[in-house]
Amino acid sequence: MPGTEQRWGAMRGCKALASLLWLGLLGPGAPWRRAEAGCAQAGRCCAGRDPACVAAGWRLDGAYGTCFCDEACRRAGDCCHDHPRACPALPCVVGEWSHWSGCGEQCKPNFRMRRRYVQQEPKNGGEPCPPLEEKAGCLEYVTYEGQNCGHDHVPAFITTFEYSKERKRRAASPLWSSDTEESSYCVEFKTESLSHHCTLENRPYARWMQYIREGYTVCVACQPPAMQSGNHRCSGDGLNADGNKVLHWQAVGNPQCQGTWKKVRQVEECSCPGVHSFIFT
């Protein structure tokens with residue numbers, strides 16, 4: 001029948017048109033599929049700023065056209081739409097700190113050091129690596145040959161109480177017996193004056209100096225090996241000094257951070273807050 005043939009022809013025409021539309025709008029070369037192209041399809045993820053690390057498609061800022069797949073695109077705002085997924089930011093990962101080294105020199109104030117190493121480099125704009133090396137002031141009373149340095153240090157040299165943990169780990173000299181360990185004591189001082197160099201100190205290993213203040217009571221522990229093996233005393237502890245005698249102190253790690261204090265009392269254990277607790281070095 002003529003009407004039926006016309007309807008079937010119209011239906012075949014619609015199917016053909018639909019096929020053409022599919023090829024044009026849904027096929028591999030369709031514009032909207034080209035618009036979806038990005039870093040993953042281009043197979044690109046580049047370090048730093050790389051003008052050649054490009055693709056085409058929608059950008060994160062909503063524009064369409066050339067987009068980038070390098071680390072700098074995050075700051076420039078021209079990343080491809082899939083950059084966060086195709087090139088995820090990976091932070092730097094570092095290992096644990098090593099043990100503190102010994103002092104660089106014996107028998108005088110110097111520095112000790114510790115290091116840590118990178119286990120994963122940062123990628124795609126991830127968090128950069130933190131400092132990999134730290135230094136701190138120290139003073140050794142025994143030579144490499146195990147001999148006592150044999151002289152007193154004036155003024156009193158002090159450092160952060162945190163050093164006492166490492167000192168106990170490293171104290172293996174025959175000069176320090178268990179009896180010497182048990183004779184450790186603490187001296188409380190009231191600070192009278194200090195140089196402005198203490199409050200200006202901002203190096204990581206020396207920030208403890210910022211907390212030394214005039215008029216505050218501080219605790220200073222006397223422990224091996226700073227304790228002299230003969231009399232079990234630490235140099236500068238104010239032995240036999242009354243509360244009116246002005247004594248001098250100096251921070252190990254910054255010779256310009258120094259001042260005066262007066263002895264308050266000697267006790268068995270320190271009880272000051274952590275930021276006001278130190279050790280003789």
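Hi everyone, let me start with a definition: buried means under 20% relative accessible area, exposed means over 50%, and partly exposed is in between, using a 1.4 Å probe and protein chains only. What we have here is a predicted model, where local features need pLDDT of at least 70 and side-chain atom pairs count only at pLDDT 80 or more, while totals for chains, interfaces and linings use all residues. Residues are numbered from 1 along each chain as its sequence is written, and side-chain values use heavy atoms, with hydrogens and water left out.

First up, H232. With a relative accessible area of 27%, H232 is partly exposed. You'll find H232 in the loop between β9 and β10; strands here are DSSP E runs of at least two residues, numbered from the N terminus. H232 is not a glycine, yet its phi is positive, about 55 degrees. Most residues other than glycine have a negative phi.

Now to the nonpolar cores, meaning sets of buried Ala, Val, Leu, Ile, Met, Phe, Trp, Tyr and Cys residues joined through side-chain atoms within 4.5 Å. The largest one has 28 residues, and I158, F189, W249, W261 and F280 have the most contacts inside it. Which strand gives the largest share of this core? That is β8, with 4 residues. A second, separate core has 8 residues, including C53, C69, C80 and C87.

Last, R114, which sits in strand β4, residues 110-115. Its side chain makes a polar contact with the side chain of E134 at 2.9 Å; such a contact is a pair of N or O atoms within 3.5 Å, and within protein one must be able to donate a hydrogen and the other to accept it, with residues adjacent in sequence counting only if both atoms are side-chain atoms. Thanks, all!
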